[in-house]
Amino acid sequence: MKILFKIVIAWKNDNYGKVYYKKDNKSLMYEEFVEGVYAIYRRIGGRFMVTYAIIEKFSVILIDPSAYTKDYIDEFLKLKKLDFKDIKAVIVTHGHPEHWSYAHKFAKKGVPVYVPESEVFDDPKKFPEIYGFYEKMPKPLKEKKNLTHGMKIKIGDGVLAIYYCGGHSFDHFFAVHTKSGILFCGSMLLEFPESPYKFLIDKSGDPEQRKKFFEAIVNLSLSGIAPAHGMPVLKNWLEVVRDAYNAQKSLQNEILYVLEKEKEVTPREIDEELRRRIDYIWSPEERTKYNYLTIEAFLRSFETKGLVEKQGKKWIYKG
Ligand SMILES: [Zn+2]
């Protein structure tokens with residue numbers, strides 16, 4: 001647990017998740033961050049990844065079970081003296097593979113696995129076509145149930161309330177554990193906690209939907225947020241939401257500014273111009289393609305408002 005201690009310190013010093021552990025860690029790391037709610041930390045494909053477990057009276061709900069090689073969730077269950085049959089449900093927040101790469105193991109054992117409606121679970125090969133970029137894909141998920149907005153999944157005396165949000169990816173859901181007040185937000189917040197910048201990635205999602213998500217969650221009575229790529233945030237969670245909201249707004253304004261100035265641009269040109277205008281990058285250098293995808297998501301939302309029109313590779317400003 002030495003490294004976990006370091007993360008906690010880094011997190012406390014940096015407010016939330018600016019720094020996190022850099023090395024692959026072979027041993028299981030987890031913490032009970034509020035009573036009955038556990039965060040299990042892993043590093044997968046160079047990314048920090050958290051699976052959450054709600055445990056109440058020998059019932060378990062798992063959220064975003066991700067792993068490609070190591071059966072670390074089995075290890076966690078064993079430590080907690082729990083069995084596969086104690087798992088009442090597995091929840092997958094969205095179709096990106098690192099959030100469900102371990103789900104088939106549970107489905108095979110008869111555990112109900114709840115996923116958003118997306119063809120990718122039946123046919124992982126369709127991933128680039130559906131989500132616009134390439135990722136290493138898990139096996140198809142044959143047995144599954146669909147998540148629906150307003151669904152409530154019982155756990156002990158509490159309930160896990162399911163909401164559709166559709167930012168980040170078109171199929172994104174989030175869940176609130178009513179008893180603890182924890183919101184499981186998948187990749188909607190703190191997708192790159194190591195980045196000091198708060199910009200958000202909307203790979204196939206709708207930025208307008210993301211705005212609605214921010215507005216909706218500040219009205220829920222929450223005690224914290226539990227992101228899939230960052231440490232849970234308890235007392236400062238509103239600050240995280242406010243930063244994200246401002247980042248979203250400033251990115252939208254910057255893109256509009258470039259459109260007004262240039263009149264005809266490609267997402268790549270917008271990205272280049274943004275880098276010149278604002279002296280930082282907003283997703284890690286090796287993930288520039290996420291910038292283009294996010295810019296495109298904004299352009300599509302401008303298109304529905306009649307502000308731009310696509311002609312070939314160029315986007316034409318009509319505002
Ligand atoms: Zn994602």
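This is a predicted model: local features need pLDDT of at least 70, side-chain atom pairs count only at pLDDT 80 or more; totals for chains, interfaces and linings use all residues.
Two strands count as paired if DSSP finds at least two bridges between them. By that criterion, β14 and strand β15 (residues 314-317) are an antiparallel pair, with 4 bridges. Within the pairing, Gln-311 sits opposite Lys-314 in β15.

## Overall content and confidence

The protein chain contains 8 helices and 15 strands. It has 319 residues, of which 42% count as buried. Among contacts with a separation of 6 or more, 62% are between residues 24 or more positions apart.

Mean pLDDT for the protein chain is 85, with 84% of the residues at 70 or more. Over residues 1-25 pLDDT stays under 50, and for this stretch the model has 35 contacts beyond four places in sequence.

## The seven-stranded sheet

A further open sheet has 7 strands in the order β1-β2-β3-β4-β5-β6-β7, and its pairing is mixed. Its edge strands are β1 (29-34) and β7 (145-146), each of which pairs on one side only.

Glu-32 stands opposite Tyr-38 in β2. Helix α2 (residues 72-79) lies across β1, β2, β3 (47-56) and β4 (59-63), at about 150° to β2.

Strand β11 (residues 182-186) is mostly covered, with 5 of its 5 residues buried. In a regular strand, side chains alternate between the two faces of the sheet. In β11, Ile-182, Phe-184 and Gly-186 point one way, while Leu-183 and Cys-185 point the other way; all are buried.

β11 is paired with strand β10 (residues 173-177) in the antiparallel sense over 3 bridges. There, Ala-175 stands opposite Phe-184. The hairpin of β10 and β11 has 4 residues between the strands, and in it Gly-181 takes a positive phi near 75°. β11 is also joined to strand β12 (residues 224-227), by 4 bridges, and these two strands run parallel. The bridge partner of Ile-182 in β12 is Gly-224. Phe-184 and Ile-182, which face Ala-175 and Gly-224 respectively, point the same way from β11.

## Nonpolar cores

The largest nonpolar core has 65 residues, and Tyr-52, Val-90 and Val-113 touch the most other members. Leaving aside residues up to four places away in sequence, Val-90 touches Leu-62, Pro-65, Ala-103, Phe-106, Val-111, Val-113 and Tyr-114.

A second core is separate and has 16 residues, including Val-258, Val-265, Phe-298 and Trp-315.

Notes: Residues are numbered from 1 along each chain as its sequence is written. Two residues are in contact if their C-beta atoms, placed from the backbone, lie within 7 Å. Axes are lines fitted to C-alpha atoms, for helices over the stretch in contact, and angles run from 0 to 180 degrees between N-to-C directions. A residue is buried if 20 or more other C-beta atoms lie within 10 Å of its own, exposed if 12 or fewer, and partly exposed in between; C-beta atoms are placed from the backbone. A nonpolar core is a set of buried Ala, Val, Leu, Ile, Met, Phe, Trp, Tyr and Cys residues joined through C-beta atoms within 7 Å. pLDDT is the predictor's confidence in each residue, from 0 to 100.
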